[in-house]
Amino acid sequence: MTRVNNGVARLGHRLRRERELWALRRRLRRELDNLRLHGPTDMATVAARLAERRGRPLRLIPMALDPRGPSGLWIATGKADYVCYQQHTTLAHQEHIIAHEIGHMLATHHPETGHNELLGQLLPDLPPELIARLLPREHHDDAREREAEDIATLLLERAEVAKSLRTPARSHRAAHAQAALEGDPGWV
């Protein structure tokens, strides 16, 4: 009986997760439509459109980050947003890091203030103990990180699918499928 109850609980969890993802997908589709993003889009373009809509600059800053620490961080100041990301990794990974941080913005999470090591690299003239005092650690729940990760995955998935639709079809059947899907790039 316990085995059956565990199976039912797992199924219920999976169904709730699927509903959450579909709701997130619909919300993200509306956000991307508001940003006028249809089709293949790199994260620099997403960042530029998001900055335009928010009415404040959004700077993407590649950095040589410690591989044992965070690979990216969103920092908001009074005048601009900054997304710092690991420069010593693949382009695909950099795009994912940027998409994750943009995911936090699209989900209207509050920006990070707690990565003292990364902020120390950004502000090398400030002593670490001053950074620690000025920027207290926040404890974020996994739900926010999962939501940002889901948005990043959907952003990258949408861009990749749209890019593949732009690739010349190799057969009549593939061309027919592309034509059917190209009519509404927001289906992803």
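Modeller: Here is a walk through the salt bridges, pair by pair. The model is predicted, so local features need pLDDT of at least 70, side-chain atom pairs count only at pLDDT 80 or more, and totals for chains, interfaces and linings use all residues. Residues are numbered from 1 along each chain as its sequence is written, and side-chain values use heavy atoms, with hydrogens and water left out.

A salt bridge here is a side-chain nitrogen of Lys or Arg within 4 Å of a carboxyl oxygen of Asp or Glu. The count is eight. Among them is D150 with R17, whose closest N and O atoms are 2.9 Å apart. D150 lies in helix α6 (residues 142-166) and R17 in helix α1 (residues 2-34), so this pair ties together parts 133 residues apart in sequence. Helices (H or I, at least four residues) and strands (E, at least two) are DSSP runs, numbered from the N terminus. D150 is buried, at 13% relative accessible area. Buried means under 20%, exposed over 50%, and partly exposed in between (1.4 Å probe, protein chains only).

E147 bridges to R27, with closest N and O atoms 2.8 Å apart. E147 is in helix α6 and R27 in helix α1, so the pair ties together parts 120 residues apart in sequence. R27 is partly exposed, at 31%.

D81 pairs with R56, again by a salt bridge, with the closest N and O atoms 2.8 Å apart. D81 sits in strand β3 (residues 81-86), and R56 in the loop between α2 (43-54) and β1 (58-63), 25 residues apart. D81 is buried, at 1% relative accessibility.

Shared partners also matter here: salt bridges join R17, E20, R146 and D150 into one network.
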